[in-house]
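Trainee: Could you take me through one part of this model in detail? I would like to look closely at the nonpolar core and the helices packed around it.

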Amino acid sequence: QRQGVFKSLLGLFGTDGDVGERNGKKPPTSVVDKLSLLSFAAEILAHLPYNTANDPLFINYHSEALIALRGPQLLERLVSFLASQNVAGIDGLDADISKEDVLEQAAKCKNPSETETVATMKSSSFDISTFVDLCAEVSSFVILCRLTDFLKKNYGLSDQRCMEFLPTDKERIGDKGISAPERMEQFDSQIEITTSTSVEALIKVYAEFRYLMRKDDLAQHERMDSDDEGVKTLSSGRKRKASEINESESSSDDEEA
């Protein structure tokens with residue numbers, strides 16, 4: 001019953017996620033409109049009183065499945081969009097997240113508007129409405145990444161334990177008793193994006209998204225370097241998680257049809 005509630009809340013992050021039509025139908029609400037709901041859902045998941053490690057592990061498992069599926073797709077769409085808008089310094093190579101791109105660098109500047117890249121994005125020819133929608137999708141991804149980091153930190157969940165966890169496995173004896181810290185910090189779910197959000201604020205969201213993608217990628221490589229066998233487990237696990245989300249969405253689409 002608890003896991004059903006968790007999946008329902010996490011399911012909000014995996015629906016109506018694409019800009020434009022889906023299966024010939026327009027989403028009932030835009031991602032921009034859903035951001036406050038997603039923030040609230042993440043806050044609930046962050047602060048529920050868990051008494052078994054299986055609960056935050058379960059949430060982390062399904063969150064990472066969504067991240068594994070959505071992250072690369074979002075990155076590809078963002079780069080493709082920015083390149084099509086002739087944003088200075090952006091090309092197809094920026095799908096490589098191993099280093100900062102020009103927008104990430106601009107986000108660190110005291111006055112991003114003074115950079116050539118941001119200047120081109122403030123011109124009348126730039127499709128700001130599509131960029132807002134894309135950044136709203138990115139924001140939902142960022143909130144989910146923050147949630148997984150928050151649960152790992154506050155419940156002492158190691159990357160190795162998260163990697164090994166499968167919802168179908170029998171609960172381990174050591175996982176049956178956990179408690180939150182006496183002074184748990186407030187989960188940060190705040191991302192303000194509206195149709196009138198400034199370009200400067202949008203590129204900060206974009207920069208955080210790229211940073212989180214890079215952080216996740218580096219973590220994977222570190223585990224690969226430290227444990228060759230762990231690589232196979234992690235790689236197959238991520239592919240399995242992404243596959244499960246795809247199968248779930250396909251089933252949902254068939255039902256709708």
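**The nonpolar core and its helices**

Mentor: Happy to. In this predicted model, the largest nonpolar core has 66 residues. Those with the most contacts inside this core are Leu82, Met121, Phe131, Leu147, Ile193, Ile203 and Phe209. Two or more residues come from each of α1, α2, α3, α4 (102-107), α5 (116-121), α6 (128-155) and α8 (199-226). The element that gives the most is α6, with 15 residues.

Leaving out residues up to four places away in sequence, Leu147 touches Leu10, Ala42, Leu45, Ala46, Ile59, Ser63 and Phe187.

Now for a pair of helices. Two packed helices are described by the angle between their axes and the distance between the axes. For helix α1 (residues 2-11) and helix α2 (residues 31-47), the axes come within 9 Å and cross at roughly 150°. Angles over 145 degrees count as roughly antiparallel, so that is how α1 and α2 run relative to each other. Their crossing is left-handed. On the α1 side, Phe6, Leu9 and Leu10 meet Ala41, Ile44 and Leu45 of α2. By class, this contact has six nonpolar residues, with no polar and no charged ones.

Finally, have a look at His62, which sits in helix α3 (residues 54-84). His62 counts as buried because its relative accessibility is 15%, and the cut-off for buried is under 20%. Apart from neighbours within four places in sequence, His62 is in contact with Lys7, Leu10 and Pro167.

Note on methods. Residues numbered from 1 in each chain as written. Predicted model: local features only at pLDDT ≥ 70, side-chain atom pairs only at ≥ 80, totals over all residues. Heavy atoms only, no water. Helix = DSSP H or I, 4+ residues; strand = E, 2+ residues; numbered from the N terminus. Buried < 20%, exposed > 50% of the residue type's maximum accessible area, 1.4 Å probe, protein only. Contact = heavy atoms within 4.5 Å. Axes fitted to C-alpha atoms, helices over the stretch in contact; angles between N-to-C directions. Parallel < 35°, antiparallel > 145°, perpendicular 65-115°, else oblique. Left-handed = near helix turned anticlockwise from the far one by under 90°. Nonpolar A, V, L, I, M, F, W, Y, C, P; charged D, E, K, R; others polar. Core = buried A, V, L, I, M, F, W, Y, C linked by side-chain atoms within 4.5 Å.
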